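Open the model in your viewer and keep the selection panel at hand. The stops below say what to select and what is there.

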Amino acid sequence: MKSNKHNEKKLVRMAMTQSSALIACAWLVCASVHAAWVVDPSANVQTRYSDNMRSQSQSEQSGTETTLGVQAKLSQISEISEVSIMTGADFSKYSGVDGFEKDNRESFFLEGRAKRQLQRSELSLRTSFRRQDTLRFFRVLEPVTAVEAITEADNEDYLPGELAVEDELITGVAADVGSSDQLVQRNRFNIRPSFSYTIDPRTSFTLNYGFYDSSYSDVPPASRLQDSQSHQVGIGIRRATSPRNYVSLNINRSRFEPEFNLDSDSTNVQIRWQSRLSAQTPLTLSAGARKTETDFYDDSGGLFSGRIDHQLSSGSMFFLVERGLTGSGYGSQVENDRLSVGYSNELSDRVSWKISGRAFRTTKLSNFQQ
């Protein structure tokens, strides 16, 4: 009976996910109809070595993963709107790791973004669905980096509200990406609408919502991996203190709902400072505090992040340090510390290479957690 209820819950969750994805894609397609669509295909080959490919309680295993990926981006830009849809598939082979029943794997993703500019406000939507292994990640290929966008901007007041997309292993927020001991399929869906309003030329207000769904398939009977859903509501105010500096205050309330473990509610408050130190160097710093509550324990702690990008004559580099609260695949919220660094270089308009690395640590919030 328990198994049937579990399967029914998964079917309902998948139906909700697919329905939400269809609604989001319809919104994306209808957001703009007056500009031409541009198709930008890309491909990549990469080999990743990790001394911690399979994390276990007493030991760890090293291994190598070689991936061939193909991607395509469909975009449409007009004076008042911007729409982009990205999709891709990866074919991977693991080497040097013991105990895999199938070392050849396939993964895919679909991601959509849209913005609509009104007279004094802006509507935006981001949504994505990813099906991938617990031991790997997606490298999303972006034709323009955040630093390049700054150097090409004509407006001296320009400062990006969001940095360029990097691969989620290096700059993502998932606690267990690339660090599970089991090779199973993981499905992730999220949809994040937001609304911003310009109060005056230097001050803006933002309201956003996020829904996140994570589920697993082909899970062994003894596995502790479990499905989960999360909801997050945020409000923020952002003010320009100078043509190159912005300060913002953000308040977020979130709820983490794992399949079997305790639900948890969290509130966090952060102050963020964004600055363009030069035409080639944007800097973002933030600091704050959070409180997490369940039926059995309360926990509080600090949050912080810092990122600097720099454009060189031969390429671009970034440095990221962060402490955040994230949900793991084992049904618990954990404190996650990460240190990441990367360098990329474009050999031509169509060929580029990149090297990056990270160090990370996750810490449980209470002895009630496993």
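A contact here means heavy atoms within 4.5 Å. The model is predicted, so local features need pLDDT of at least 70 and side-chain atom pairs count only at pLDDT 80 or more, while totals for chains, interfaces and linings use all residues. Residues are numbered from 1 along each chain as its sequence is written, and side-chain values use heavy atoms, with hydrogens and water left out.

**Whole chain**

Start with the protein chain in cartoon view, which shows three helices and 15 strands. Helices (H or I, at least four residues) and strands (E, at least two) are DSSP runs, numbered from the N terminus. Colour by relative accessible area next: buried means under 20%, exposed over 50%, and partly exposed in between, with a 1.4 Å probe and protein chains only. Of the 370 residues, 43% count as buried. The accessible surface of the chain is about 19,800 Å², and carbon and sulfur atoms hold 55% of that surface. These areas come from the Shrake-Rupley method with a 1.4 Å probe; for residues, only the protein chains shown count as cover. Of the contacts between residues at least 6 apart in sequence, 58% join residues at least 24 apart.

**Confidence**

Now colour by pLDDT, the predictor's confidence in each residue, from 0 to 100. The chain has a mean pLDDT of 77, and 73% of its residues reach 70 or more. Select residues 142-171: the pLDDT there is below 50, and the stretch has 81 contacts in the model beyond near neighbours in sequence. Where pLDDT is low, the predicted coordinates should not be read in detail.

**Trp273 and Asn245**

Select Trp273, in strand E10 (residues 264-278). Its relative accessibility is 31%, so Trp273 counts as partly exposed. Which residues does Trp273 touch, not counting residues up to four places away in sequence? They are Asn245, Tyr246, Val247, Leu283, Thr284 and Leu285.

Move to Asn245, in strand E9 (residues 245-258). Asn245 counts as buried because its relative accessibility is 17%. Show polar contacts, which are pairs of N or O atoms within 3.5 Å; within protein, one must be able to donate a hydrogen and the other to accept it, and residues adjacent in sequence count only if both atoms are side-chain atoms. The side chain of Asn245 has a polar contact of 3.3 Å with the side chain of Trp273 and one of 2.8 Å with the side chain of Ser275. Leaving out residues up to four places away in sequence, Asn245 touches Arg239, Ala240, Trp273, Gln274 and Ser275.

**Arg276**

Go back to strand E10 and select Arg276. Arg276 is buried because its relative accessible area is 9%.

**Charges over rings**

Select Arg130 with Phe109, then Arg307 with Phe318. A charge sits over a ring if NZ of Lys or CZ of Arg is within 6 Å of the ring centre and within 35 degrees of the ring normal. Arg130 lies over the face of Phe109, 5.6 Å from the ring centre. The charged end of Arg307 is over the ring of Phe318, at 4.5 Å from its centre.

**Two last stops**

Select Ile191 in strand E6 (residues 185-200). Is this residue buried or exposed? Ile191 counts as buried, because its relative accessibility is 17%. Ser128 is 63 residues from Ile191 along the chain, with 6.7 Å between the C-alpha atoms.

Finish at Ser313, in the loop between strand E12 (298-312) and strand E13 (315-327). With a relative accessible area of 87%, Ser313 is exposed. The C-alpha atoms of Ser313 and Gln280 are separated by 10.0 Å, with the two residues 33 apart along the chain.
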